[in-house]
Amino acid sequence: ILAKDYDEYKNGPPFTFYLDPNASSVMKSNFKIDFNKHGANGEGSGILSSLYPLDREKVKEYLIPIVITDSGKPALTGTNTLTVIVGDINDHKMEAGSKEILVYSYMGQMLEAEIGRVYVNDPDDWDVHDKKYYWNVREHSRFKLNEETGVITIKQGTPRGQYNLLFKVYDREHSQSDIPATVLVTVKDISSEAVLKSGSVRLFGIT
């Protein structure tokens with residue numbers, strides 16, 4: 001962990017780093033920070049280490065509060081959040097899966113847009129690079145499929161209705177092929193009045 005200070009050098013390094021004392025018990029029990037005052041050419045550095053093996057299938061990411069103090073007089077302290085994203089290995093075989101996607105078409109004027117991804121039942125969500133996605137029989141005239149990522153795109157002008165999309169998925173790591181995946185897409189019209197009277201909701205912290 002390194003720091004940068006836009007003050008004069010005498011009010012900047014060396015910096016000190018430590019885990020925020022107000023951090024949750026989960027952070028304190030899983031991570032530690034070792035401070036090296038000689039690191040970064042004498043400007044100070046911190047090394048974040050995990051105390052136990054991390055498992056993406058349990059926790060995908062950690063938001064770790066780090067306290068940083070400069071060497072000014074008086075010293076100033078700030079808290080930054082370090083995001084640790086946990087990786088994974090492809091250690092589970094996938095199984096057939098299905099999902100539903102609801103799409104609203106404003107006044108029946110659907111624009112081309114990505115609407116979601118093909119779903120198979122697989123605890124590993126870090127292995128997209130090991131998979132390939134295909135149409136089960138033939139491509140649907142109203143939709144497109146990215147074979148590398150599994151992302152589904154609805155085409156412009158798609159009318160309201162229900163569309164049952166059938167796919168098959170290949171996983172090179174486990175030599176699995178033709179695993180079925182079904183996506184039911186429902187397209188509904190939404191009026192201008194409904195949009196004018198609508199509110200908004202902001203979601204965050206969801207993966």
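Predicted model: local features only at pLDDT ≥ 70, side-chain atom pairs only at ≥ 80, totals over all residues.

Leaving aside its neighbours within four places in sequence, which residues is Thr-158 in contact with?

1. **Ground rules.** Residues are numbered from 1 along each chain as its sequence is written, and side-chain values use heavy atoms, with hydrogens and water left out.

2. **Overall build.** The protein chain has 3 helices and 12 strands (DSSP runs numbered from the N terminus: helices are H or I with at least four residues, strands are E with at least two). Its radius of gyration is 25 Å, whereas a compact globule of 207 residues would come near 17 Å (the radius is taken over C-alpha atoms, and the globule rule is 2.2 Å times the number of residues to the power 0.38). Along the principal axes, the C-alpha atoms fill a box of roughly 70 × 50 × 30 Å.

3. **Surface and contacts.** The accessible surface of the protein chain is about 13,600 Å², and 50% of that belongs to carbon and sulfur atoms (Shrake-Rupley method with a 1.4 Å probe; for residues, only the protein chains shown count as cover). Buried residues make up 31% of the 207 (buried is under 20% relative accessible area, exposed over 50%, partly exposed in between, with a 1.4 Å probe and protein chains only). Of the contacts with a separation of 6 or more, 60% are between residues 24 or more positions apart (contact means heavy atoms within 4.5 Å).

4. **Strand 4 and its partners.** Strand 4 (residues 61-69) has 7 of its 9 residues buried, so the rest of the structure largely encloses it. Strand 1 (residues 16-19) runs antiparallel to strand 4, joined by 4 bridges, and Tyr-18 has Val-67 as its bridge partner there. Two strands are called paired if DSSP finds at least two bridges between them.

5. Val-86 lies in the loop between strand 5 (77-85) and strand 6. Is Val-86 buried or exposed? It counts as buried, at 6% relative accessibility. Val-86 and Leu-54 are 32 residues apart in sequence, yet their C-alpha atoms are 7.0 Å apart in space.

6. Strand 11 (residues 161-171) and strand 12 (residues 176-190) pair antiparallel over 10 bridges, with Gln-162 opposite Thr-186 in strand 12. Gln-176, also in strand 12, is buried at 11% relative accessible area. Its side chain reaches the backbone oxygen of Met-94 at 2.9 Å (a polar contact is a pair of N or O atoms within 3.5 Å; within protein, one must be able to donate a hydrogen and the other to accept it, and residues adjacent in sequence count only if both atoms are side-chain atoms). Beyond four places in sequence, the contacts of Gln-176 include Lys-93 and Val-169.

7. Strand 7 and strand 10 (residues 151-154) are antiparallel over 4 bridges, and Gly-116 has Ile-152 as its bridge partner in strand 10. Thr-158 sits in the loop between strand 10 and strand 11 and is buried, with a relative accessible area of 1%. The side chain of Thr-158 reaches the backbone oxygen of Lys-155 at 2.8 Å. As for the opening question, leaving aside neighbours within four places in sequence, Thr-158 is in contact with Met-110, Arg-142, Tyr-163 and Val-187.
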